[in-house]
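I opened the model to look up a few local features. My notes follow in the order I took them.

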Amino acid sequence: MLWELTNDRPLYIQLIEHIKLLILSGEYEAGQPFPSVRELALNANVNPNTMQRALAELEREGLLINERTNGRKITGDASMIRAMREDLANAKLCQLKEELGRLGFNSEEQLAFITSRWDSCSAE
């Protein structure tokens, strides 16, 4: 897992976003055990306290469940994960619509542009 962290925003916010994307994209499946704070902090090259702060926020959001004796796991609520995934996709779509609007594309032009270029976009 590649951690692309920058200095322009708080690290714990970037960690939350990155981990959330991993969960919502299905890289971590619902109900699956989640790596330890130390393991994640080492992989991300951040202080364990910073990683703990990010994971605590993901617990508050309900994506992670802390089982005291078994560590953390991904929530088993697949419908919640699906809804959060759709919300994130919608936010990104709205952001794209806004950016295309700033470039001078009206709604019809935006749809035509996206449709005409859709297949040329590479999936990562």
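Buried means under 20% relative accessible area, exposed over 50%, and partly exposed in between, with a 1.4 Å probe and protein chains only.

I noted the ground rules: the model is predicted, local features need pLDDT of at least 70, side-chain atom pairs count only at pLDDT 80 or more, and totals for chains, interfaces and linings use all residues. Residues are numbered from 1 along each chain as its sequence is written, and side-chain values use heavy atoms, with hydrogens and water left out.

**Aromatic pairs**

I looked up the rule: rings of Phe, Tyr and Trp (its six-membered ring) pair if their centres lie within 6.5 Å, and planes under 30 degrees apart count as stacked, over 60 as edge-to-face and the rest as tilted. The count by this rule is two aromatic pairs. Tyrosine 28 and phenylalanine 34 make a tilted pair, 4.9 Å centre to centre with 55 degrees between the planes. Phenylalanine 105 and phenylalanine 113 make a tilted pair too, at 5.3 Å and 50 degrees. I checked accessibility here: phenylalanine 105 is partly exposed at 25%, and phenylalanine 113 is partly exposed at 30%.

**Helix 1 and helix 3**

Helices are DSSP runs of H or I with at least four residues, numbered from the N terminus. Axes are lines fitted to C-alpha atoms over the stretch in contact, and angles run from 0 to 180 degrees between N-to-C directions. Helix 1 and helix 3 pack at about 50 degrees with axes 9 Å apart. They are therefore oblique to each other; under 35 degrees is roughly parallel, over 145 roughly antiparallel, 65 to 115 roughly perpendicular and the rest oblique.

**Helix 1 and helix 4**

The axes of helix 1 (residues 11-24) and helix 4 (residues 78-102) come within 10 Å and cross at roughly 120 degrees. That makes helix 1 oblique to helix 4. I listed the contact (heavy atoms within 4.5 Å): Lys20, Leu21, Ile23 and Leu24 of helix 1 meet Ile81, Met84, Arg85 and Leu88 of helix 4.

**Asparagine 45**

Where does asparagine 45 sit? I found asparagine 45 in the loop between helix 2 (37-44) and helix 3 (48-61). Its phi is near 60 degrees, a positive value in a residue other than glycine. Most residues other than glycine have a negative phi. Asparagine 45 counts as exposed, at 71% relative accessibility.

Notes:
Helix = DSSP H or I, 4+ residues; strand = E, 2+ residues; numbered from the N terminus.
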